[in-house]
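Subject: Handing over the model

Hi,

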Amino acid sequence: MSEVLVLVDHADGDVKKPTYELLTLAARLGEPSAVFIGAAAQSADVAAKVAAYGAAKVYAIDDSGLKGYLVAPKAEALQQLAAQCSPAAILVPSSAEGKEIAGRLAIKMDSGLITDAVDVVAGDDGPVTTQSVFAGNYKVTAQVTQGTPIITVKPNAVTPEQVEGAGTVEEFAATVSEVAKGAQIVATEPRKASGRPDLTEAAIVVSGGRGVGSKENFSVIETFADSLGAAVGASRAAVDSGWMPHSYQVGQTGKTVSPQLYVANGISGAIQHRAGMQTSKTIVAVNKDDEAPIFELVDFGVVGDLHTVLPAAVAKINARKG
Ligand code: FAD
């Protein structure tokens, strides 16, 4: 069976959930091989984690000579690895970094690239992808017709499946050109941890809009989110009012999320907001106006004041947790 390379998304060896999703998709196409570009000392630990999601092989690329140089060296390393193992496809997370790596890799390998897939299945002539476009109003089915298919996949495209893989570690020594070292990172500062999952990766997102009423009132949204272990999002109206930072904005000019569950609270459902959330698997809205457009796309709607509904929901959820 042909190998399918999966670029491991991680922060200092802490493997992110999209990696496991990609491994699950890779198993549909061939034999999943994880590619870990990171510290040599972390490779055994990372290998154990990805093996639990079906990685048969783990290529460990020591990044001591690459890190600090943005994405170009990673694309070179992947190209060299692909030249050695001739994979059937290469799957990369659809993060800003992942898409830049994939774009550079596609040019280097003279291969077709598909970005932001929300599903990947095996076809007769290679992987077949689904993309959700025009604010989720159209689904596009596509296939790479030249070279090695390089596909970036959005988080939450699939539920990761735990399947034991061999996880055999193979070290791969990449050589990085001077050109790839053309841009250097001069400082990094970790973002203040909120303790909540990342907005674009979270399985559950709880968002608040203008209906929340004030910055202080956003604690109602946060408390509800925490009861579900969810990430917090916001509409542009809430962000423009200064209630939440821009990094929380969901929509056309904010983040695109596709969680298993999206709960919109005090959000009317403008087209620009929908653009960032309408591929969510289940959509719930709480709005006091029963004619709010958001109710056109929900699976479950609650007509009511969020300041009454959400605390009542929190009490029930916490009681269930016992
Ligand atoms: P409103 O539309 O004011 O809706 C508030 C809702 O809260 C109403 O439905 C009301 O019934 C309900 N409500 C009020 N009080 C309560 C209560 N106590 N309990 C329950 N419900 C209550 N918007 C985005 O969100 N993301 C984007 O990325 C984005 N990009 C844009 C880009 C462009 C170019 C443009 C022109 C606009 C963009 N917008 C974006 C703005 C968008 O058009 C809307 O203005 C915005 O989404 C409205 O936010 P909202 O739903 O929170 O507010």
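Predicted model: local features only at pLDDT ≥ 70, side-chain atom pairs only at ≥ 80, totals over all residues.

Residues are numbered from 1 along each chain as its sequence is written, and side-chain values use heavy atoms, with hydrogens and water left out.

**The ligand**

There are 25 residues around the ligand, and R210, S235, T253, S268 and N287 come nearest (a residue is near a molecule or strand if one of its heavy atoms lies within 4 Å of it). By type, the shell splits into five nonpolar, 15 polar and five charged residues.

R210 has a polar side-chain atom 2.6 Å from an oxygen atom of the ligand. For Q249, a side-chain N or O atom is 2.9 Å from a ligand oxygen, and for N287 the corresponding distance is 2.8 Å. The ligand taken alone exposes 990 Å², and the protein buries 75% of that (accessible areas come from the Shrake-Rupley method with a 1.4 Å probe; for residues, only the protein chains shown count as cover). The elements giving two or more residues to the shell are α6 (236–240), α7 (271–274) and α8 (306–321). Helices (H or I, at least four residues) and strands (E, at least two) are DSSP runs, numbered from the N terminus.

Q249 sits in the loop between α6 and β14 (261–265). At 3% relative accessibility, Q249 is buried, where buried means under 20% relative accessible area, exposed over 50% and partly exposed in between (1.4 Å probe, protein chains only). The Q249 side chain also makes a polar contact with the side chain of T253, at 3.1 Å. A polar contact is a pair of N or O atoms within 3.5 Å; within protein, one must be able to donate a hydrogen and the other to accept it, and residues adjacent in sequence count only if both atoms are side-chain atoms.

**The nine-stranded sheet**

Nine strands form an open sheet with mixed pairing, in the order β9-β8-β7-β10-β6-β1-β4-β5-β11. Two strands pair if DSSP finds at least two bridges between them. At the edges are β9 (138–143) and β11 (168–171), each pairing on one side only. From one strand to the next, the twist averages 35° (axes are lines fitted to C-alpha atoms, for helices over the stretch in contact, and angles run from 0 to 180 degrees between N-to-C directions).

How is β1 covered on its faces? E3, L5 and L7 on one side and V4 and V6 on the other are all buried. Five of the five residues of β1 (residues 3–7) are buried, so the strand is largely enclosed by the rest of the structure. β1 pairs in the parallel sense with β4 (residues 31–38) over five bridges, with E31 as the bridge partner of E3. Three bridges join β1 to β6 (residues 89–93), again running parallel, and L5 stands opposite I90 there.

β4 is also largely enclosed, since seven of its eight residues are buried. Six bridges connect β4 with β5 (residues 57–62) in the parallel sense; F36 has A60 as its bridge partner. By contrast, β8 (residues 126–133) and β9 are antiparallel, over six bridges, with Q131 partnered by V140.

**The five-stranded sheet**

This open sheet is parallel and runs β13-β12-β14-β15-β16. β13 (231–234) and β16 (300–303) each have a single partner strand, so one side of each is left without a neighbour in the sheet. Here the twist averages 15° from one strand to the next. β12 (residues 204–208) and β14 run parallel, joined by five bridges, and S207 is partnered by A264.

**Two other bits**

In helix α1 (residues 17–29), 10 of the 13 residues are buried, so the helix is largely enclosed by the rest of the structure. Among them are Y20, L22, L25 and L29.

V144 lies in the loop between β9 and β10 (150–153) and is buried, with a relative accessible area of 12%. Its C-alpha atom is 17 Å from that of K154, 10 residues apart along the chain.

Cheers

Terms used. Nonpolar A, V, L, I, M, F, W, Y, C, P; charged D, E, K, R; others polar.
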